[in-house]
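Please read them with the structure open.

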Amino acid sequence: MFKISILSSIVTILLLASPQKAKSQFQAPLSPTIKTETIYSQEVSPLELKQFVNVIKHFQRIEMNMQHIMAKAMKKEGLTPEKFMEINKNQRQLNPNIDNSSEDLDKFRKVVVKLEEIMNNAEKKRQSTVKMQGLALERFLKIEEIVAKSKNLQEKVQKMLGN
């Protein structure tokens, strides 16, 4: 379980470092009103909400698979997720007090290249998933935005996800 959380941290770090920013994950507004909730509910049809939830379910599977592949890539190069995070932190802080061997730095660089490739493949799978569920990418992103602003829709999505 700890390794999964470290891998999630690695994914987050790499997403933040990449030019494509991660989208918000259902953050509710500070004070939604009933009028606003009604408007949002009308903007997303029940079919679209179902498609949206199916996409999220697929995204979760893609994420778990990506984490598994990332762990294998690190292991193949002889790095643990913990060591990878340590080197990454030192590289970001340009910490002169920590001396990583050139061998570890080479392994780290190879893993970073592999992780970027894995993440690019996962992004392609996510985009394909959206289309396979019958939504245009733009509409999916709009629904995500609408759900993020609607407590009612967030609750529906959570219920449909089984959370």
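1. How many residues has helix 6 (residues 137–149), and how far does helix 6 reach from its first C-alpha to its last? Helix 6 has 13 residues and reaches 19 Å, which is close to the 18 Å expected at 1.5 Å a residue, the expected span being 1.5 Å times one less than the number of residues. Helices (H or I, at least four residues) and strands (E, at least two) are taken here as DSSP runs and numbered from the N terminus.

2. On provenance, this is a predicted model, in which local features need pLDDT of at least 70 and side-chain atom pairs count only at pLDDT 80 or more, while totals for chains, interfaces and linings use all residues. Residues are numbered from 1 along each chain as its sequence is written, and side-chain values use heavy atoms, with hydrogens and water left out.

3. The secondary structure of the protein chain comes to 7 helices and 0 strands, and its elements run α-α-α-α-α-α-α from the N terminus on. Of the 163 residues in the chain, 34% are buried, where buried means under 20% relative accessible area, exposed over 50% and partly exposed in between (1.4 Å probe, protein chains only). Among contacts with a separation of 6 or more, 83% join residues 24 or more positions apart, contact meaning heavy atoms within 4.5 Å.

4. Helix 3 (residues 46–77) and helix 5 (residues 102–132) have axes that come within 10 Å and cross at roughly 165°; axes are lines fitted to C-alpha atoms, for helices over the stretch in contact, and angles run from 0 to 180 degrees between N-to-C directions. The two helices are therefore roughly antiparallel to each other, on a scale where angles under 35 degrees count as roughly parallel, over 145 as roughly antiparallel, 65 to 115 as roughly perpendicular and the rest as oblique. Helix 3 passes helix 5 in a right-handed crossing (a crossing is left-handed if the near helix is turned anticlockwise from the far one by less than a right angle, and right-handed if clockwise).

5. The contact of helix 3 with helix 5 draws on residues including Val-55, Phe-59, Ile-62 and Met-66 of helix 3, and on residues including Val-111, Leu-115, Ile-118 and Ala-122 of helix 5. By class, this contact has 14 nonpolar, 3 polar and 7 charged residues, with Ala, Val, Leu, Ile, Met, Phe, Trp, Tyr, Cys and Pro counted as nonpolar, Asp, Glu, Lys and Arg as charged, and the others, Gly among them, as polar.

6. Two residues of helix 5 deserve a separate look. Thr-129, which has its place in helix 5, counts as buried at 8% relative accessibility, and, leaving aside its neighbours within four places in sequence, Thr-129 is in contact with Val-55, His-58, Phe-59 and Ile-62. Glu-116, which also lies in helix 5, is partly exposed, with a relative accessible area of 43%; Glu-116 and Met-70 are 46 residues apart in sequence and 9.7 Å apart in space, C-alpha to C-alpha.

7. Helix 3 also packs with helix 6, at an angle of about 95° and with the axes 11 Å apart, and that makes helix 3 roughly perpendicular to helix 6. Glu-48, Leu-49, Phe-52, Val-55, Ile-56 and Phe-59 of helix 3 make this contact with Arg-139, Phe-140, Ile-143, Glu-144 and Val-147 of helix 6, and the residues divide into 8 nonpolar, no polar and 3 charged. The buried residues of helix 6 are Phe-140, Ile-143, Glu-144, Ile-146, Val-147 and Ala-148.

8. With helix 7 (residues 151–161), helix 3 packs at an angle of about 55°, the axes being 10 Å apart; the two are therefore oblique to each other, and their crossing is right-handed. The contact is made by Leu-49, Lys-50, Phe-52, Val-53, Ile-56 and Lys-57 of helix 3 and by Leu-153, Lys-156, Val-157, Met-160 and Leu-161 of helix 7. Lys-159, found in helix 7, is exposed, with a relative accessible area of 70%, and its C-alpha atom is separated by 9.8 Å from that of Val-53, 106 residues apart along the chain.

9. Helix 4 (residues 81–93) has 13 residues and reaches 18 Å from its first C-alpha to its last, close to the 18 Å expected. Pro-81, Phe-84, Ile-87, Asn-88 and Asn-90 are buried in helix 4, and just after this helix Leu-94 takes a positive phi of about 50°.
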